[in-house]
Amino acid sequence: MTVVEPREETQASAHAARQLRARISDGQLPPGAKLSEQAVARELGVSRNTLREAFTMLAAERLVDRVAHRGVFVAQPDADDVRDLYAARCVLEPGAVLWGAPDPQTLSRLSALTTSALAARDAGDVRAMADANQGFHRELVASSGSAELVAVMDRLSARMRLVFHAMSTDPQFHARYAVRNAQVLRCLESGDRDRAVHLLRESLTEARDEILAHLT
């Protein structure tokens with residue numbers, strides 16, 4: 001019988017949590033989806049004990065909800081969650097832009113993401129547009145040079161993907177912010193960080209208010 005060391009078990013649980021977090025962030029697991037312990041453990045190739053620990057991690061991040069006698073479900077964010085998420089983003093992202101170091105490689109990646117978002121808009125591909133927009137905001141945070149802040153952004157992005165399901169009836173929602181991202185990029189390319197931060201905070205605030213209005 002193979003004995004799994006506690007450290008190995010913890011690492012396996014963290015890896016399983018990362019896989020599930022990525023699937024939520026990619027939109028593969030929608031809000032309210034039930035996560036069958038047996039099926040998910042088999043799919044990820046982990047023990048059920050390992051998966052339970054992964055669920056505990058994700059519950060702490062408010063990505064899943066445990067419901068007594070019913071099981072584990074992908075979280076369904078409410079208005080308070082939206083306010084909390086955007087409060088965090090309005091500090092994290094502008095701070096990264098203002099104090100980070102967007103080198104030419106970063107600007108090139110931001111440009112490619114903006115181009116992809118606008119192309120997806122023209123093609124009517126909402127999923128691809130959302131992916132590119134989220135990638136743009138992640139890249140802004142990555143310009144801080146901090147792996148820790150990127151990890152925080154990844155957790156926020158996974159929760160944001162659940163929030164965006166509420167806007168699925170408005171195909172122009174992501175299109176509007178693809179254009180806003182292009183404006184932020186132009187400011188960064190010209191070296192005007194203050195203007196970029198102003199536009200970014202304005203964009204985040206308006207997106208928050210749109211989502212709240214839709215939810216209420």
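Visitor: At what angle do helix α8 and helix α9 pack, and how far apart are their axes?

Guide: In this predicted model, helix α8 (residues 173–189) packs with helix α9 (residues 193–215) at an angle of about 170°, and their axes are 8 Å apart.

Visitor: What makes α8 roughly antiparallel to α9?

Guide: Angles over 145 degrees count as roughly antiparallel, and the angle here is about 170°, so α8 is roughly antiparallel to α9. The crossing in which α8 passes α9 is left-handed.

Visitor: Which residues meet in this contact?

Guide: Among those in α8 are F173, R176, Y177 and R180, while those in α9 include R193, R195, A196 and L199. The residues of the contact of α8 with α9 comprise 10 nonpolar, 2 polar and 7 charged.

Visitor: Why is R159 called buried?

Guide: Buried means under 20% relative accessible area, and R159 has a relative accessible area of 10%, so R159 is buried. R159 is found in helix α7 (residues 147–164), and, leaving aside residues up to four places away in sequence, R159 touches E61, R62, L63, P77, D81, D84 and L85.

Visitor: How many helices and strands does the protein chain have, and why is the chain called as compact as a globular protein of its length?

Guide: The secondary structure of the protein chain comes to 9 helices and 3 strands. Its radius of gyration is 19 Å, close to the 17 Å that the globule rule gives for 216 residues, and the protein chain is therefore as compact as a globular protein of that length.

Note on methods: Residues are numbered from 1 along each chain as its sequence is written. This is a predicted model: local features need pLDDT of at least 70, side-chain atom pairs count only at pLDDT 80 or more; totals for chains, interfaces and linings use all residues. Side-chain values use heavy atoms; hydrogens and water are left out. Axes are lines fitted to C-alpha atoms, for helices over the stretch in contact, and angles run from 0 to 180 degrees between N-to-C directions. Helices (H or I, at least four residues) and strands (E, at least two) are DSSP runs, numbered from the N terminus. Angles under 35 degrees count as roughly parallel, over 145 as roughly antiparallel, 65 to 115 as roughly perpendicular and the rest as oblique. A crossing is left-handed if the near helix is turned anticlockwise from the far one by less than a right angle, and right-handed if clockwise. Contact means heavy atoms within 4.5 Å. Ala, Val, Leu, Ile, Met, Phe, Trp, Tyr, Cys and Pro count as nonpolar, Asp, Glu, Lys and Arg as charged, and the others, Gly among them, as polar. Buried means under 20% relative accessible area, exposed over 50%, partly exposed in between (1.4 Å probe, protein chains only). The radius of gyration is taken over C-alpha atoms; the globule rule is 2.2 Å times the number of residues to the power 0.38.
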